[in-house]
Amino acid sequence: MKIVVIGGTGLIGSKLVTKLGGHGHEAVAAAPRTGVNTLTGEGLAEALAGAQVVIDVSNSPSFEDAAVLEFFETSTRNLLAAEAAAGVGHHVALSVVGTERLPGSGYFRAKLAQEKLIENSSIPYSIVHATQFFEFVRSIADAATDGGTVRMAPVLFQPIAGDEVAQAVGGISVGSPVNGRVEVAGPERFRMDEFFTDALAAWDDPREVVTDPHARYFGAELGEGSVVPAGDAILGETRYGDWPGRTTTGS
């Protein structure tokens, strides 16, 4: 199949292109650096010509409330219109576990708006909700930093390796559209505050992790199960303690 990966030069997108190509598919990396811009529409029609599947793993360059909403709404509208014109039969989007439960975050409100556009389109779809990637643990800590402290809520946390997110998304993309959501998560559940205490220690990071039930996660206050799957999920196999990047993510 011809499968176009929007955001195909990024962390998950580049892994997807490699994995799909290795299984004999024509995997096309579509991103501004390859001449495809979903915000302006540049190169979209050409990239999607003859495609059976489009996977959108793109992300907003800004997490500011108005900017991120503008990105996901404009990009998704343009992409869905181009897919309809090209006769694409399956739209796959990568989103985040807990999106519908975190309206206090502008980022999650924007992701939910993206999902609603997909659900209301005429194109069969699959939305993959993934938990946080191992590769983004440092950026999560940085976002929660206040001076020399990292404020984390004592809630459940179930991160996953980026490779296994790509594997799950790729597998779903070559199957029949589910016209709904599939959740993907790591094999272990932690307490978020305890996880980050151990992670920073492994990096020799001097910041202190402070347990704070009201700590904000990208603008939202978390409940016990806000960012972990609520039901059945596809689980990765790589444990964080066995992940090669565990001690270098913070460098």
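1. A quick word on terms: "buried" here means under 20% relative accessible area, "exposed" means over 50%, and "partly exposed" is in between, using a 1.4 Å probe and protein chains only. Helices (H or I, at least four residues) and strands (E, at least two) are DSSP runs, numbered from the N terminus.

2. Keep in mind that this is a predicted model: local features need pLDDT of at least 70, side-chain atom pairs count only at pLDDT 80 or more, and totals for chains, interfaces and linings use all residues. Residues are numbered from 1 along each chain as its sequence is written, and side-chain values use heavy atoms, with hydrogens and water left out.

3. Let's begin with helix 7 (192–202). Its buried residues are Met192, Asp193, Phe195, Phe196, Ala199 and Leu200. Looking down the axis of helix 7, you find them within an arc of 155 degrees, so they line one face of the helix; the arc is that of the directions from the helix axis to the C-beta atoms. On the face turned away from that buried side sit the exposed residues Asp198 and Ala201. As a reminder, an α-helix has 3.6 residues a turn, so residues three or four places apart point the same way.

4. What do the buried residues of helix 7 pack against? The list is helix 5, strand 7, strand 8 (156–157), strand 10 (190–191), strand 11 (208–211) and strand 12 (216–217). Contact, throughout, means heavy atoms within 4.5 Å. After the helix comes Asp204, with a positive phi near 60 degrees.

5. Now the core. A nonpolar core is a set of buried Ala, Val, Leu, Ile, Met, Phe, Trp, Tyr and Cys residues joined through side-chain atoms within 4.5 Å. The largest one has 32 residues, and Met152, Met192, Phe196 and Tyr240 touch the most other members. Helix 3 (65–86), helix 4 (106–119), helix 5 (137–143), strand 7 (149–152) and helix 7 each supply at least two of its residues. Helix 7 gives the largest share, five residues. Leaving aside residues up to four places away in sequence, Met192 touches Met152, Ala153, Val155, Phe157, Tyr217, Leu222 and Val227. There is also a second, separate core of 22 residues, with Val57, Val165, Ala168 and Val182 included.

6. How do the strands pair? Two strands count as paired if DSSP finds at least two bridges between them. Strand 6 (residues 145–146) and strand 7 are antiparallel, with two bridges, and Thr145 has Val150 as its bridge partner in strand 7. Their hairpin has two residues between the strands, and Gly147 takes a positive phi near 65 degrees there. Strand 7 and strand 11 run parallel, joined by four bridges; Arg151 has Val210 as its bridge partner, and Met152 stands opposite Thr211.
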